[in-house]
Amino acid sequence: TKMHVHWLVAETNPEHNPRGEGSTKKLDDTGVRRNWKMNLLNAGKPWEGFCQKYSALRDYIAANRLRGTDLVVVTDGRDVLVNRDSADFAKSFRSKFRGGVVFGTEQECCVEVMYEYKPGAFVGKTKAGISRRKPAISGPGWDDGTAPRDKDGLWMRRLHSKVPKHLRNKAAGAFPYLNGGLACGTVKAWKALLKAMGKFDTWEDDQALFTDVMLAKSGLVKLDYNQEFFSNSNVDQGKAGCFYKWDSGKKSYTNTLTKTMPYFIQTPGAKNDFKPFGCYMKLYRNLKKPIHPKR
């Protein structure tokens, strides 16, 4: 049975133009050239938080009556580019992962709310599976600096321990942390994850929430440690964090650390980047070019 792939992009303001041309348009341009069809989530709606896209995902699955075996890729919109053709995505994904929703990985940990709470604060393990404990939202004191900020060491140790032993001494072991901006799973896997989460607030931090799900040993969340499908640059390292080399034959970039050629690359902008969104623009200059030049 053919596995259909649905690519959903979360962006409330697709016309937003922070870098001259509109980042969602850039993303779509790179996708069109590589045979990906973009489906926008939440376009034109007020932004309500990182988990807003998962409410929209649930609605999309229901409205379109997707089959349980269909694959659904969910990406952010403003700092992501398509790097590889969709042709063999489904076959490759199915050969690598069975069950669970697969999230991309990154080198940096952790999001703000993870500084405040220990692992298990948001999701706990039970005999029946997992249970929600509290929203993954920063509590009182974060803004004025009085909230405790020493919990990240616990998260980091737990996540490092989850890296498969055969990867710990390889470059892939350098990406032990879940990245909430890139994920893929079958409709069945997404439904199972969303059902297990029950009701969630759109303001919750998705990265903290799904990291806690993974640590609960539920099997609902998995990570693409080798960055074969999703890659995330590390702008805090400046130029060294843009670890991608252009392959002129395949018209795609290779991650020079893992030696893999991911389908999607996220290159978040930050003040520590070698220039604002420098890695993003460097990659886009090649990815926007026609795959088959005019004769």
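**Close-up views of a predicted model**

**View 1. R132 and E204 meet in a salt bridge.** Their side chains come to 2.6 Å, N to O. A salt bridge here is a side-chain nitrogen of Lys or Arg within 4 Å of a carboxyl oxygen of Asp or Glu. This is a predicted model, where local features need pLDDT of at least 70, side-chain atom pairs count only at pLDDT 80 or more, and totals for chains, interfaces and linings use all residues. Residues are numbered from 1 along each chain as its sequence is written, and side-chain values use heavy atoms, leaving out hydrogens and water. R132 lies in strand β7 (residues 129-132) and E204 in the loop between α6 and α7, so the pair ties together parts 72 residues apart in sequence. Helices (H or I, at least four residues) and strands (E, at least two) are DSSP runs, numbered from the N terminus. E204 is buried, at 2% relative accessible area. R132 counts as partly exposed, at 23%. Buried means under 20% relative accessible area, exposed means over 50%, and partly exposed is in between (1.4 Å probe, protein chains only).

**View 2. D76 pairs with K53 in a salt bridge.** The N to O distance is 2.8 Å. D76 belongs to strand β3 and K53 to helix α2, so the bridge ties together parts 23 residues apart in sequence. K53 is buried, with a relative accessible area of 6%. D76 is partly exposed, at 22%. A network of salt bridges links K53, D76 and D206. By the rule used here, the count comes to 8 salt bridges.

**View 3. D70 forms a salt bridge with R67.** Their closest N and O atoms are 3.3 Å apart. D70 is buried, with 4% relative accessible area. R67 is partly exposed, with 36%.

**View 4. Helix α7 is largely enclosed by the rest of the structure.** Of its 10 residues, 10 are buried. Among them are D206, F210 and M214. At the start of α7, a side-chain oxygen of D205 reaches to within 2.9 Å of the backbone nitrogen of Q207. K217 follows α7 and has a positive phi, near 60°.

**View 5. W47, F50, I137 and W203 form a nonpolar surface patch.** Together they have about 440 Å² of accessible area. Areas come from the Shrake-Rupley method with a 1.4 Å probe; for residues, only the protein chains shown count as cover. Patch residues have over 30% relative accessible area and no salt bridge; like charges are joined within 9 Å, and nonpolar side chains (Val, Leu, Ile, Met, Phe, Trp, Tyr) within 5 Å. W203 sits in the loop between α6 (187-197) and α7 (206-215). It is partly exposed, at 49%.

**View 6. K239, K282, R285, K288 and K289 make up a positive surface patch.** Lys and Arg count as positive, Asp and Glu as negative; His and the chain ends are not counted. Each charge is placed at NZ of Lys, CZ of Arg, CG of Asp or CD of Glu. R285 is in helix α8 (residues 278-287). It is partly exposed, at 41%.

**View 7. N35 and R65 have positive phi values.** Most residues other than glycine have a negative phi, and most peptide bonds are trans. N35 has phi near 65°. It is in the loop between α1 (23-33) and β2 (38-41), and is exposed at 53%. R65 has phi of about 50°. It is in the loop between α2 (52-64) and β3 (71-76), and is exposed at 75%.

**View 8. The peptide bond from C109 to C110 is cis.** Its omega is near 15°. C110 lies in the loop between β5 (101-106) and α4 (112-116).

Key. Polar contact = N/O pair within 3.5 Å; in protein donor to acceptor, adjacent residues only side chain to side chain.
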